[in-house]
Amino acid sequence: MLVLTRRANQSIMIGNDVVVTVLDVKGDQVRIGIRAPRSVAVHREEVFAELARENQAAASPPGEALSRLRGMVPPRPT
Amino acid sequence: MTDLPELEFADGLVGFPEARRFVLVQWGDQDSPFSLLRCVELEGLEFLVVPPQVFFPDYHPELDDAAADDLAVTSADDALVLVIVTVGEPLEESTANLLGPLVVNLHTRKGIQAVLAPDRYRTRERLFGTAAVRG
């Protein structure tokens, strides 16, 4: 992992078009600004990891459980 | 393998970046709200999905501008929203992922898994009850 030391209001660039700026440091919290093209998705890592875990848990449910779920489907609202 | 129209998730699903092309297969009885989102590329990979309003009538996720631009969705009528179901054991504990809904542009058939605000939505919202299940 590349480690850089930055102060408030200093930035790093990732590639040609992603700029990460340290806005503010208070105790153990750091506020970070990210300027990136819209095509680059920016997420908190733990949120991304949680979604990946949940997708993994949901993937390819066993057919036996699916068929039991059939009886529990609520009526479609009209 | 099927002549159903394909849906294209250019970025894959979260944690499944290589799963990009899917077909949506009706699951269950004729009036079942559920479908299986079946990956065309990765054999055996499928997800049980449901329109969220069936179980969560108050759920109205808003896409951020970048995601809406990406999909070229300008109004809710252009979009099909589905949530992924995690089938629980027991089944009463089955949950839906409201944090990462699937949004498909009905005209282009391009889709994304959106990432909503984690302070408002959870990955495990129970289908059959109001309490969330601890992950």
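Two strands pair if DSSP finds at least two bridges between them. I kept that rule at hand while reading chain B of this predicted model.

**Entry: strands of chain B.** I looked up β2(B) against strand β3 of chain B, residues 35-39. Five bridges join the two, and they run antiparallel. At least two bridges are needed for a pair, so β2(B) and β3(B), with five, pair. I then picked out one position: B:F22 stands opposite B:C39 in β3(B).

Next I took strand β1 of chain B, residues 6-8. Three bridges tie it to β2 of chain B, residues 21-26, again in an antiparallel run. Here I noted B:E6, whose bridge partner in β2(B) is B:V23.

**Entry: chain B against chain A.** I turned to the interface. On the chain B side 41 residues are in contact with 25 residues of chain A. The buried area comes to about 3000 Å², and carbon and sulfur atoms give 66% of it.

**Entry: polar and charged links.** I found a count of three salt bridges between the chains. One of them joins A:E54 to B:R124, with the closest N and O atoms 2.7 Å apart. I also logged nine residue pairs in polar contact across the interface.

**Entry: what lines the chain B side.** I listed the elements giving two or more residues to the side that touches chain A: β4 (46-50), α1 (65-71) and β5 (79-86) of chain B. By type, I counted 22 nonpolar, eleven polar and eight charged residues on that side.

Terms used:
Residues are numbered from 1 along each chain as its sequence is written. Chains are lettered from A and ligands numbered from 1 in the order in which they are written. This is a predicted model: local features need pLDDT of at least 70, side-chain atom pairs count only at pLDDT 80 or more; totals for chains, interfaces and linings use all residues. Side-chain values use heavy atoms; hydrogens and water are left out. Contact means heavy atoms within 4.5 Å. Buried area is the accessible area (1.4 Å probe) that two parts lose on being put together, summed over both. A salt bridge is a side-chain nitrogen of Lys or Arg within 4 Å of a carboxyl oxygen of Asp or Glu. A polar contact is a pair of N or O atoms within 3.5 Å; within protein, one must be able to donate a hydrogen and the other to accept it, and residues adjacent in sequence count only if both atoms are side-chain atoms. Helices (H or I, at least four residues) and strands (E, at least two) are DSSP runs, numbered from the N terminus. Ala, Val, Leu, Ile, Met, Phe, Trp, Tyr, Cys and Pro count as nonpolar, Asp, Glu, Lys and Arg as charged, and the others, Gly among them, as polar.
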